[in-house]
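Subject: Structure handover

Hello,

Here is the structure I said I would pass on. My notes on what was found follow below it.

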Amino acid sequence: MLKTLPRDDIKTEITTITPEIAEAYLSKNTGNRKLSYSTVNSYARDMAAGKWLLNGDAIRFDVNGDLIDGQHRLAACIKAESNFQSLVIYNLAHAAQDTIDGNRPRRASDILTINGFISGNLRAAALRLIGGIKLGLDNPLAFRATTQEILAANKRHPELAKSFWVQKPTIPVRGSMLVVTHYIGSHILDNPASATDFAEVFITGKPAYKDDPALITRERFMQAKLKGHEMSRTMQWNMLVAAWNKFRKGDKVKVLNKKIETTPFDDLDIRKL
């Protein structure tokens, strides 16, 4: 039989939490998991942008008055210097903390799929990468976008799915990378013919012209994969964009530069992202 407290002992309320209240709540944070600063930063961006919604997730206190859930939201409130509304629950059994966040959380890809968008995982990964590019990050793959940021980006890029066809089993690179490269080349840089030809090289392994930079890059990816030395996603991304920049101009390449560093898209106006 489940052990529960009498209903009258558990108190709930909806509270507007200010940074001052957040500090007071956090003073009761005596036994919680290690704080993830990347999570705090993500939550803070949503709060500062007014995208944080009351959804029933609670700030929780146990029967001793100790905070057992909510430290990241409270820390984000302080960082963002923004108020947010939340359900607050008091007098939970201390053992209830062991049941919180024990299963897989709902991800942005799940939300996209629930709302009827195809290829939720691919779409979310591509939108996350686009967000990192828009922010001008040296490594856009490292951008940890919030669900609200991904949903907002999805609204800005209604044509994104038109690039999903490039994800094929034959490509030796992560599908979302080639999707984003094709999408930016086709819809942002307005060069659909070159973007399609570039993707076809990666899909078929057939060069578009002699000394094709797309083909030589594909072969480098294939060789690394066959040898079991698959290169990092960051290196793959930088090489892919560098190959696109050359392919778009019709440049020829005989030897691949093995020390390619951070590579932005040539002529890209990030405001369009």
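Strands β1 and β4 (residues 84-92) run antiparallel and are joined by seven bridges. Please keep in mind throughout that this is a predicted model.

Two of the positions along that pairing can be named. Lys11 has Tyr90 of β4 as its bridge partner, and Ile14 has Leu87 of β4.

The sheet

The sheet as a whole is open and has four strands, in the order β1-β4-β2-β3, with mixed pairing. At its edges stand β1 (11-17) and β3 (67-69); each has a single partner strand, so one side of each has no neighbour in the sheet. From one strand to the next the twist averages 30°.

Asp62 stands opposite Leu92 in β4.

Ala58 is also in strand β2. Its relative accessible area is 1%, so Ala58 is buried. Leaving aside neighbours within four places in sequence, Ala58 is in contact with Asp69, Arg73, Ser86, Leu87 and Ile89. Gly70 is twelve residues from Ala58 along the chain, and the C-alpha atoms of the two are separated by 7.3 Å.

Aromatic pairs

How many aromatic pairs does a search of the whole structure find? The search gives ten. One of these pairs is Phe61 with Tyr90, which is stacked, at 5.5 Å centre to centre and with 10° between the planes. This pair links distant parts of the chain, since Phe61 lies in strand β2 (residues 58-62) and Tyr90 in strand β4, 29 residues apart. Phe61 has a relative accessibility of 5% and therefore counts as buried. Tyr90, at 23%, counts as partly exposed, because buried means under 20% relative accessible area.

Ring pairs also link Phe198, Phe202, Tyr209, Phe221, Trp244 and Phe247 into a cluster.

The nonpolar cores

The largest nonpolar core has 51 residues, and those with the most contacts inside it are Ile133, Ile184, Phe198 and Trp237. The elements that give two or more residues to this core are α4 (108-114), α5 (120-134), α6 (147-156), α7 (175-188), α8 (192-204), α9 (213-226) and α10 (233-249). Another core, of 16 residues, lies apart from it; Met47, Cys77, Ala80 and Phe84 are among its residues.

Helix α6

In α6, the buried residues are Glu149, Ile150, Ala153 and Asn154. Seen down the axis of α6, its buried residues fall within an arc of 140°, so they line one face of the helix. The buried residues of α6 pack against α2 (37-48), α4 and α5.

Two other buried positions

Ser163 is found in the loop between α6 and α7. Is Ser163 buried or exposed? With a relative accessibility of 0%, Ser163 counts as buried. Leaving aside neighbours within four places in sequence, Ser163 is in contact with Val179, His182, Tyr183 and His187.

Gln71 is found in helix α3 (residues 71-80). The relative accessible area of Gln71 is 6%, so this residue is buried too. What does Gln71 touch, not counting residues up to four places away in sequence? The residues are Leu26, Asn29, Asn32, Arg33, Lys34 and Leu35.

Regards

How values were computed: Residues numbered from 1 in each chain as written. Predicted model: local features only at pLDDT ≥ 70, side-chain atom pairs only at ≥ 80, totals over all residues. Heavy atoms only, no water. Core = buried A, V, L, I, M, F, W, Y, C linked by side-chain atoms within 4.5 Å. Buried < 20%, exposed > 50% of the residue type's maximum accessible area, 1.4 Å probe, protein only. Pairing = 2+ DSSP bridges. Axes fitted to C-alpha atoms, helices over the stretch in contact; angles between N-to-C directions. Phe/Tyr/Trp six-rings, centres within 6.5 Å; stacked < 30°, edge-to-face > 60°. Contact = heavy atoms within 4.5 Å. Arc of directions from axis to C-beta.
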